[in-house]
Amino acid sequence: DIFQLNVGNLSPGAGCKVKITYLMELPVEDGKTRLTIPTTIAPKYVPAKDGSEVAKKIASIEYDFTSPAELHLQLDISMKSKISSVTSPSHKMTTEMKDKAGLYEAVTKLDGMTTDMDRDIIVLIDSNEPNQPKVFLEKGDDGSIAGLVSMVPKFELKKQPSDVIFLIDCSGSMGGQSMQLAKQALQLFVHSLPVDSYFNIFCFGSRYTQLFPQS
């Protein structure tokens, strides 16, 4: 799951632009489409006894937490239903709404340039009728047509007490700050549970333990 790209020699003062295109499905949470873009890469854990070539390759990847990089971001958003708002709980952004025949568009940019690539970029897109089925058609250069059907059903389930199981990784890869952050997150989750909830906590590594005999 590690993507690496090697760029050839460049002349002094020259630069190059790398364009990566990929397709992914975006979840709908609380009626809003959520886009998450990671900006940080944590060092991969390599067991001390693993002497394979793959492990050596992963261990050789350099990480630098003290030299932030400049980040520019522009999102061109197109939807079949009217876009009500585009917000971000992680970064300050500005949005310009545009309407085209059959499509509703928005252009979202970072409010200024950030060098704090220390957290994911999260964008929430609020639109009318997010749960209605939609069809997108795109015509290729060769005349072929591709279709995409979007179906995001919404179910009203009967309310019932939650039974939540928390799984905590206690292996060697969680040493140091990672374990402290996991503890803080777990405390937040437990305090956020509804009063009538059941829960249990399992820790796993070379073996596993549980907090209660049963939830």
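**View 1. A nonpolar surface patch.** Patches are made of residues with over 30% relative accessible area and no salt bridge, where like charges are joined within 9 Å and nonpolar side chains (Val, Leu, Ile, Met, Phe, Trp, Tyr) within 5 Å; accessible areas come from the Shrake-Rupley method with a 1.4 Å probe, and for residues only the protein chains shown count as cover. In this predicted model, local features need pLDDT of at least 70 and side-chain atom pairs count only at pLDDT 80 or more, whereas totals for chains, interfaces and linings use all residues. Residues are numbered from 1 along each chain as its sequence is written, and side-chain values use heavy atoms, with hydrogens and water left out. Phe3, Leu5, Val7, Leu10, Val18, Ile20, Tyr22, Met24 and Leu26 make a nonpolar surface patch of about 900 Å². Leu26 belongs to the segment before strand 1 (28-29), strands being DSSP runs of E with at least two residues and helices runs of H or I with at least four, numbered from the N terminus. Leu26 counts as partly exposed because its relative accessibility is 31%, given that buried means under 20%, exposed over 50%, and partly exposed in between (1.4 Å probe, protein chains only).

**View 2. The salt bridge between Arg34 and Glu29.** A salt bridge is a side-chain nitrogen of Lys or Arg within 4 Å of a carboxyl oxygen of Asp or Glu, and a search of the whole structure finds 2 of them. In the pair shown here, the closest N and O atoms of Arg34 and Glu29 are 3.7 Å apart. Arg34 is partly exposed at 24% relative accessibility, and Glu29 is partly exposed at 39%.

**View 3. The salt bridge between Lys56 and Glu53.** The closest N and O atoms of Lys56 and Glu53 are 3.9 Å apart, and both residues lie in helix 1 (residues 53-59), separated by 3 residues, about one turn of the helix. Lys56 is partly exposed, with a relative accessible area of 49%, whereas Glu53 is exposed, with 61%.

**View 4. Cysteines Cys170 and Cys203.** The structure holds 0 disulfides, a disulfide being a pair of cysteine sulfur atoms within 2.5 Å. For Cys170, the closest cysteine sulfur is that of Cys203, and the 3.8 Å between the two sulfurs is too far for a bond. Cys170 is partly exposed, with a relative accessible area of 36%; Cys16 is also partly exposed, with 45%.
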